[in-house]
Amino acid sequence: MAKNSGISPVAQMRVTKRHLWSSDRFQRIAFILPTSIFLLCLTLFPFIYSVYLSLHFVKMTNLSKKIYAGLENYIDLFNDSLFTTGIKNTASLAVTTLTVEVLLGFLIARILFELSSKRGINFLRSAYLVPIMITPIVVGVAANYIFTPQLGIANYLLGSVGIEPIGFLGIAIPARLTVLAINVWQWTPFMALLILAGLTSIRQDIVEAAKVDGAKWYHIMFWIEIPSILPIILLGMTLRLIEILRFFDIIYITTRGGPGDNTMVMTLYTYQQGFRYFHVGLSSASAVVILFVSITVTTVAVNLLRRAENNA
Amino acid sequence: MQRILKITTILGVAAFSASMLNAQEVDWSKELGDHAGVTLNVPMITDPFIEPLTEISGRFEQVAGAKVNVDPFGYGALHDTELLKCSQKSSDMDVMGIDAIWIGEFIEAGCLDNLEDRIAADDDVVKWDDFTPGFSAQAIWEGSRYCVPIGAYYQLLFYRNDLFEAAGKKPPTTFDELKELAAFFTDNPDFPGVKGFVTNNARGVAAGQEFYQWLPSAGGKAWASNEFGVTPSETYSDLTPTFDAAAVDLIKYLKSMMAYGPTGVEAFDWDQRGAAFASGNIAMTNMWSVRANLSNIPETSNVVGKFSTTQFPHAEGAQSRPPAGGWILCVNKHSKNKDAAWDYIKWITSQEIHAEYAIAGGPPSRISTFSNPEVRENWPWTDDLFKSSQAAFAEVRPRHAATSQMIDVVGIEVNKALIGEQSAEEAVEAINSKHTKLLRRSGLLK
């Protein structure tokens, strides 16, 4: 071939090299490589190592002593009522939180949308976002003070309207509701912000046309607004769902999973096994289960989102 | 009267012994090495003695050249941080302040330097026999002294002497008397706003430790060889869980006592019951002795001069076994400054410095401290403390490698029973079964 083309072998090698350097394939590899190394080191390797640890009996205080356990950690996990309660509580928290946040978020977004031409509304919108910016640990500590039965402001306010004090964090239902309320307080602004963006993007001429045709406010809401912003609501729900599956900080600070197991969640269980009792094998098994639950739930949510986008 | 005479005699003998022991003051320039340029890191609990400890530790630089950095942590964070760091062979910490019940877990993780030889070599300064035996036993593991006591606590019953005087009542000695008095003071129109009694009920370690502490005085025991007065090796010879009828009765008793507590008593822990008592709305509570200091600070307490202490109560037919607990100082096995670390421990726990520390509010951990006139003047409950230290049960909670998780298990199951999610019998059955599984997995039970 070199003979035919009349190019010397050395020159041909240079051409081939140049071709390689300039080829699309190499460029693609060059662009992907840093991210791949990053993912490999910080995501894939820890995941594979977690799976490996989950198949062993091992304590963090003695990592060199690993005893192969097969699936025993997983069996222990699902035989431990604390973990199964954690799954149930996480699911229940996800359903209630998302429902309240979407309803409340829609209501608030609607109000902000209606007031969009009023003076000072921009300040109100920004102020409303403050809860999202606060570190969850700080929210938890503040909530602890607010809901402390003896000295907290919550019982003081209830007392001022003649209501008997409540043990917010010590009794099952109040504790669940308190955790829900803290979560909703912090994250409803996020949902409201997304919905507000969706409402702003709806073409007003369609709304005006519907009004001319005699549509009432609820017709507009159910037939124009909600279908238009459904992909945005689903996106918000997906993001929040991922957040709720790893919900930990506030429960760790306020209830520590109690009273009883009423606010025990999967992440708290994983933390306790790993960093309080140092059972790395069991903790890794729990983390792997959480990961698979998260992937499954997120995949379903993303599929729903795509379908909604296609329909919209 | 006889009791007072007995205590006075014991304290007199202790004072005499202490004065003999103190006859020769320690020449620190000879006892301590020159550690100039060294900084010792000492993680420690943020309990009420942290301020005097930090303040006095600052003086170590003058006598030995090493700076001491006392790093305060909350209870759970201290355990997790110390254990995680030292098990990874970190030399970040030099001296570790640990709860005495963690000793087995920390030794198993390879965290603690065995101090037996150092203590034996320096016993003229350390004066080990002067430490209260009820607590110093907790610094020993499998026959070796690994740590040195710095903060001995004993559980006392705190009561409002002003309310008791007004009502013409005597402090309780038994569980039944405690309950009667709690009922008497709760919502009593003569004492408006007052509730009778409060203790730890919060899920997890708070309720767990509390239950262990009450159990011996209720006539029960947590494991087969958990007998009062036996040697430590005998104590850990048979760890088969033995929560039985006494444990069931105790859960029922503690549940019934919640009726005499303030709102939210189901979630009370050490801080909350201490704050509730200091607020002046509680007639009685049991607390670690170290908390007495907090109730006596005018800026934060409404009960200064209005409370007294007495011995931990007991069930009918059982004896009061005041729980002993508290903090010990140990040398991190991976420290690069072990000599300086040992010198610091030797100095801060010595009779001379310990007396200053106790006067400033540190928990008296030496017998000689109880007879110190300034300590007695500053802390009026010193006699009760001394009496408790004499009857204290060092092994009221286990100290082996599975302790933390076992205490949590008790705290979860007892809390469930207290809030009505399961019966006392179910709680005890769950504790025995979960403890057995844990002990087997840890290799502590066959």
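Predicted model: local features only at pLDDT ≥ 70, side-chain atom pairs only at ≥ 80, totals over all residues.

Me: Which kind of peptide bond joins A:Gly258 and A:Pro259?

Reply: As a general idea, most peptide bonds are trans. Here, A:Gly258 and A:Pro259 are joined by a cis peptide bond, with omega at about -10 degrees.

Me: How should I read phi, and what is its value in B:Lys89?

Reply: Most residues other than glycine have a negative phi. B:Lys89, a residue other than glycine, has a positive phi near 60 degrees. In chain B, the loop between α5 (75-87) and β3 (95-99) holds B:Lys89. B:Asp187 likewise has a positive phi, near 50 degrees, and lies in the loop between α11 (175-185) and β7 (195-198) of chain B.

Me: Is B:Lys89 buried or exposed, and what of B:Asp187?

Reply: Exposed means over 50% relative accessible area. B:Lys89 therefore counts as exposed, at 61% relative accessibility. B:Asp187 is exposed because its relative accessible area is 54%.

Me: Why does B:Ser225 count as buried?

Reply: The cut-off for buried is under 20%. B:Ser225 has 10% relative accessibility, so this residue counts as buried. B:Ser225 belongs to the loop between α12 (205-214) and α13 (232-235) of chain B.

Me: Which residues does B:Ser225 touch?

Reply: Leaving aside residues up to four places away in sequence, B:Ser225 touches B:Val230, B:Glu234, B:Thr235, B:Tyr236, B:Ser237 and B:Asp238. A polar atom of the B:Ser225 side chain lies 2.6 Å from the backbone oxygen of B:Thr235.

Note on methods: Residues numbered from 1 in each chain as written. Chains lettered and ligands numbered in written order. Heavy atoms only, no water. Helix = DSSP H or I, 4+ residues; strand = E, 2+ residues; numbered from the N terminus. Buried < 20%, exposed > 50% of the residue type's maximum accessible area, 1.4 Å probe, protein only. Polar contact = N/O pair within 3.5 Å; in protein donor to acceptor, adjacent residues only side chain to side chain. Contact = heavy atoms within 4.5 Å.
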